[in-house]
Amino acid sequence: MAGAARRAWLRAGLVAGGVVVLDQVTKQLLVSSIGPGEHRSVVPGVLEFVHAVNHGVAFSVSAGGPEIVVVVIGVAIAAIVAYFATHADRPLLWLPAGMMVGGAVGNLVDRVRDGAVTDFVKLPHWPAFNLADATITLGVIALLYVLRDDGSPRPA
């Protein structure tokens with residue numbers, strides 16, 4: 001593995017590991033301070049912390065049994081890692097890859113340990129979510145940017 005690819009793998013791994021740690025720490029802080037179903041206003045009318053349990057996937061949509069969800073998440077993680085493995089030399093790809101894998105693993109840890117994911121951030125008119133969910137979303141946006149920018153000059 002060339003030096004640049006090795007550095008990309010290291011960066012992606014550090015991002016993924018950081019996301020998992022921050023996700024799990026924030027969830028444990030919530031669980032230790034807010035009971036299931038409780039709400040705490042952070043910015044009235046804008047942001048609440050809630051203790052929600054999500055047995056489904058994104059936005060609590062049911063995807064079948066918990067085993068199916070774990071398999072689907074495992075396949076998604078494998079696909080991201082496989083794509084990264086074949087494109088690790090692409091500038092900045094390590095960032096969205098690490099973000100998406102870290103977020104997926106953070107939620108997977110919850111599913112394996114608890115059978116569901118803990119969500120705690122609540123915005124008006126939006127389902128509760130967690131740091132892993134936000135990181136996956138931002139990772140997808142960053143991936144679209146990285147894939148769009150092929151490094152070639154743009155016409156003025």
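Two residues are taken to be in contact when heavy atoms of the two lie within 4.5 Å. On this basis, among contacts in the protein between residues at least 6 apart in sequence, 68% join residues at least 24 apart. The model examined here is a predicted one. Of its 156 residues, 34% count as buried, and its secondary structure comes to four helices and three strands, which follow the pattern α-β-β-α-α-β-α when read along the sequence.

The three strands form an open sheet with the order 1-2-3 and antiparallel pairing. Strand 1 (39-43) and strand 3 stand at the edges of this sheet, and because each has a single partner strand, one side of each is left without a neighbour in the sheet. Neighbouring strands are turned by 25 degrees against each other on average, with direction ignored. Strand 1 and strand 2, which run antiparallel, are joined by four bridges, and Ser41 stands opposite Glu48 of strand 2. Helix 1 packs on the sheet and touches strand 1, strand 2 and strand 3, while the direction of the helix makes about 80 degrees with that of strand 3.

Helix 1 itself has 31 residues and reaches 45 Å from its first C-alpha to its last, a span close to the 45 Å expected at 1.5 Å a residue. The buried residues of helix 1 include Ala5, Ala8, Ala12, Val15, Ala16, Val19, Val20 and Asp23, and also Gln24, Lys27 and Leu30. An α-helix has 3.6 residues a turn, so residues three or four places apart point the same way.

A further packing partner of helix 1 is helix 4 (residues 131-148). Two packed helices are described by the angle between their axes and the distance between the axes. For helix 1 and helix 4, the angle is about 145 degrees and the axes lie 8 Å apart. Helix 1 contributes Val19, Leu22, Asp23, Thr26 and Lys27 to the contact, whereas helix 4 contributes Leu131, Ala132 and Thr135. Sorted by class, the contact of helix 1 with helix 4 has four nonpolar, two polar and two charged residues. Of the residues that helix 1 brings to this contact, Val19, Asp23 and Lys27 are among those that are buried.

Two aromatic pairs are present in the structure. In one of them, the rings of Trp9 and Phe84 have their centres 4.8 Å apart and their planes at 75 degrees, and the pair is therefore edge-to-face, given that planes over 60 degrees apart are assigned to that class. This pair links distant parts of the chain, since Trp9 belongs to helix 1 (residues 3-33) and Phe84 to helix 2 (residues 66-87), 75 residues apart. Trp9 is partly exposed, with a relative accessible area of 31%, whereas Phe84 is buried, with a relative accessible area of 2%.

The other pair is formed by Phe49 and Phe120, whose rings have their centres 6.0 Å apart and their planes at 70 degrees, so that this pair, too, is edge-to-face. Phe49 lies in strand 2 (residues 47-54) and Phe120 in strand 3 (residues 117-122), so the pair ties together parts that are 71 residues apart in sequence. Phe49 is partly exposed, with a relative accessible area of 32%, while Phe120 is buried, with a relative accessible area of 8%.

Definitions and conventions. Residues numbered from 1 in each chain as written. Predicted model: local features only at pLDDT ≥ 70, side-chain atom pairs only at ≥ 80, totals over all residues. Heavy atoms only, no water. Phe/Tyr/Trp six-rings, centres within 6.5 Å; stacked < 30°, edge-to-face > 60°. Helix = DSSP H or I, 4+ residues; strand = E, 2+ residues; numbered from the N terminus. Buried < 20%, exposed > 50% of the residue type's maximum accessible area, 1.4 Å probe, protein only. Pairing = 2+ DSSP bridges. Axes fitted to C-alpha atoms, helices over the stretch in contact; angles between N-to-C directions. Nonpolar A, V, L, I, M, F, W, Y, C, P; charged D, E, K, R; others polar. Expected span 1.5 Å × (residues − 1).
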